[in-house]
Each structure stands twice: as C-alpha cells, then as structure tokens.
Amino acid sequence: MAKYPLIKTTLKDRLLGGHYTEGLPLPSEPQLAREFEVSRMTARRAIDELEREGYVYRVQGAGTFPTGKRFRQGMFRVRPFKEWARHPEHRTTVLRAMEIEATPEIAIVLQIQPGDPVIFIHRLRMAGDEALVIEKRYINAALVPTLLDHNLSTESIHETMVSLGVPLARVEQNLEAVNLRQEEADLLRVPLGTAAFLLRRTTFSGQKRASYVNYWVRGDRYAFQDTFEP
C-alpha cells in the first residue's frame with residue numbers, strides 16, 4: 001500500500017496549521033523517511049506533490065521551504081450533476097464503481113476505520129468528444145450499501161444518497177490550481193503538467209462524513225462564477 005498520500009496529508013496539515021516556520025526549511029527527506037518509516041523515495045514523492053500544488057518550494061543546496069498559507073477567497077458554487085446531465089451533448093462515463101477497503105488516508109478523511117467498506121466511484125464527464133472533468137469519489141458504504149445498484153452514469157449521486165435515506169446537511173469544499181499528473185492528463189487528453197482546477201469536496205450527513213470527492217477540471221474549458229449580495 002502506498003504510504004506517500006498519508007505523509008502528504010500530514011505535512012499539508014502541518015503547513016496549513018503553521019507547524020513549520022516560514023523562511024526555515026522543512027525536515028530533510030532522510031529525516032522524513034525516518035519519521036514515517038518509509039524509503040527516501042516515498043518521502044520525496046510526497047514532497048514532489050506538495051511542491052506541484054504550491055505548498056512548498058525547493059532551493060538547491062538549502063532544502064524545502066513552506067510557501068506560506070494560501071489565501072481563502074469567498075464562496076463559489078459548482079453546477080449540480082442533474083443540470084450537467086440534462087444537456088443533450090453531455091455524458092458521463094463510469095470508469096470504475098466498486099466497493100473497496102478504506103486505506104489509512106481515506107479512513108482519516110471519512111472518519112472511519114482502515115479496512116471499513118468504502119464505495120469508490122471514478123467517473124469522466126464529457127461534452128461531445130471533449131473530456132472535461134474527472135471525478136474520484138469515496139463514500140462510507142455503511143450509509144448507502146445499495147448505491148452500486150443504481151445507474152451512476154445518469155443519476156446524481158447526491159440525490160440518490162438522499163433517496164436512500166441519507167440526508168446531506170453540509171458541504172465543505174476547496175478549489176485550487178494544480179498541474180495535471182500523467183493519469184489525469186491522459187484522461188483529459190492534454191499534455192502532462194497542464195494547469196487545471198482541483199476541487200475537493202467533503203459532504204456531511206449530520207455530523208458524519210458521508211462522501212469525499214476530488215474533481216479535476218480543465219482550466220481551458222471551465223470558468224467559475226457566482227452572484228451574491230455584497
């Protein structure tokens with residue numbers, strides 16, 4: 001099992017929480033490897049992803065430094081799936097839909113135990129022949145054990161969960177710019193490293209975390225807008 005996502009999550013929490021002082025380097029890769037009991041290559045991969053997402057930067061011969069806390073900007077809304085699916089040229093392909101065991105990092109996000117059942121849904125949204133949005137979603141399977149019986153290429157997962165008796169009360173989301181890795185670049189049919197939006201969303205049912213999803217959205221085909229009272 002890959003350990004670098006857990007290392008990355010831990011380091012990101014430390015960075016956003018001010019654990020590391022700006023202007024001073026983070027622990028070296030050998031130090032991180034010893035702390036997390038992993039290889040130096042695994043520690044480097046976690047740092048590589050944090051650098052790609054803009055949380056740290058490297059100075060040759062000096063180390064890896066925090067870039068500082070990111071600014072949080074206002075609110076934004078994302079078009080509901082039912083509105084997306086209503087367009088005649090829009091379609092959604094289900095790449096994978098299956099029950100898996102929660103990895104340690106997913107267990108932390110969903111506040112369940114490692115090994116607990118999780119529904120994993122990997123979808124690709126298309127407009128005509130263009131791939132626009134990648135979705136990777138993790139759902140606490142104990143809340144909706146029959147979800148996989150539904151047609152997830154046409155049905156809204158949100159509305160399906162509600163219809164199955166899971167009231168969804170609150171959403172927390174974060175939007176940032178990233179450079180696409182090989183897997184996402186291949187699915188969206190763009191060059192490696194292309195700039196895109198990454199939307200992370202956690203949905204709550206009462207106090208329980210019901211769903212966690214990552215969306216990779218093509219920056220050259222999408223714009224986010226909202227209207228509100230100042």
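Two residues are in contact when heavy atoms of the two lie within 4.5 Å. This report uses that term for a predicted model of a protein.

**Overall make-up**

The protein has seven helices and eight strands. It contains 230 residues, and 41% of them count as buried. Among the contacts with a separation of 6 or more, 59% are between residues 24 or more positions apart.

**Arginine 200**

Arginine 200 is placed in strand S7, which covers residues 195–205. Its relative accessibility is 14%, and because buried means under 20%, arginine 200 counts as buried. Apart from neighbours within four places in sequence, arginine 200 is in contact with Lys8, Lys12, Glu53, Glu172, Gln173, Asn174, Glu176, Tyr212, Val213 and Asn214.

**Helices H1 and H2**

Two packed helices are described by the angle between their axes and the distance between the axes. Helix H1 spans residues 4–16 and helix H2 spans residues 29–36; they pack at an angle of about 110°, and their axes are 12 Å apart. Angles of 65 to 115 degrees count as roughly perpendicular, and H1 and H2 are therefore roughly perpendicular to each other. Their crossing is right-handed.

Which residues of H1 and H2 meet? On the H1 side they are Ile7, Thr10, Leu11 and Arg14, and on the H2 side Leu32, Glu35 and Phe36. Sorted by class, this contact has four nonpolar, one polar and two charged residues.

**The largest nonpolar core**

The largest nonpolar core has 16 residues, of which Leu11, Leu15 and Leu50 touch the most other members. H1, H2 and helix H3 (40–52) are the elements that give two or more residues to this core. Leu11 is also one of the H1 residues that meet H2. Leucine 50 touches Lys8, Leu11, Lys12, Leu15, Tyr55 and Val56, when residues up to four places away in sequence are not counted.

**Histidine 122**

Is histidine 122 buried or exposed? With 7% relative accessibility, histidine 122 counts as buried. Its place is in strand S4, residues 117–127. Arginine 96 is 26 residues apart from histidine 122 along the chain, yet the C-alpha atoms of these two residues are separated by 5.0 Å. Arg96 is also in contact with histidine 122, as are Thr93, Val94, Leu95, Ile134, Glu135, Lys136, Glu183 and Leu187, leaving aside neighbours within four places in sequence.

**Two residues with positive phi**

Most residues other than glycine have a negative phi, and most peptide bonds are trans. Glutamate 37 is not a glycine, but its phi is positive, at about 55°. This residue lies in the loop between H2 and H3. Arginine 189 is not a glycine either, and its phi is also positive, at about 60°. The loop that holds arginine 189 runs between helix H7 (182–188) and S7. The table puts the values for these residues side by side.

| Residue | Phi | Loop between | Relative accessibility |
|---|---|---|---|
| Glutamate 37 | about 55° | H2 and H3 | 68% |
| Arginine 189 | about 60° | H7 and S7 | 57% |

Exposed means over 50% relative accessible area. Glutamate 37, at 68%, therefore counts as exposed, and arginine 189, at 57%, counts as exposed too.

Technical notes
Residues numbered from 1 in each chain as written. Predicted model: local features only at pLDDT ≥ 70, side-chain atom pairs only at ≥ 80, totals over all residues. Heavy atoms only, no water. Axes fitted to C-alpha atoms, helices over the stretch in contact; angles between N-to-C directions. Helix = DSSP H or I, 4+ residues; strand = E, 2+ residues; numbered from the N terminus. Parallel < 35°, antiparallel > 145°, perpendicular 65-115°, else oblique. Left-handed = near helix turned anticlockwise from the far one by under 90°. Nonpolar A, V, L, I, M, F, W, Y, C, P; charged D, E, K, R; others polar. Buried < 20%, exposed > 50% of the residue type's maximum accessible area, 1.4 Å probe, protein only. Core = buried A, V, L, I, M, F, W, Y, C linked by side-chain atoms within 4.5 Å.
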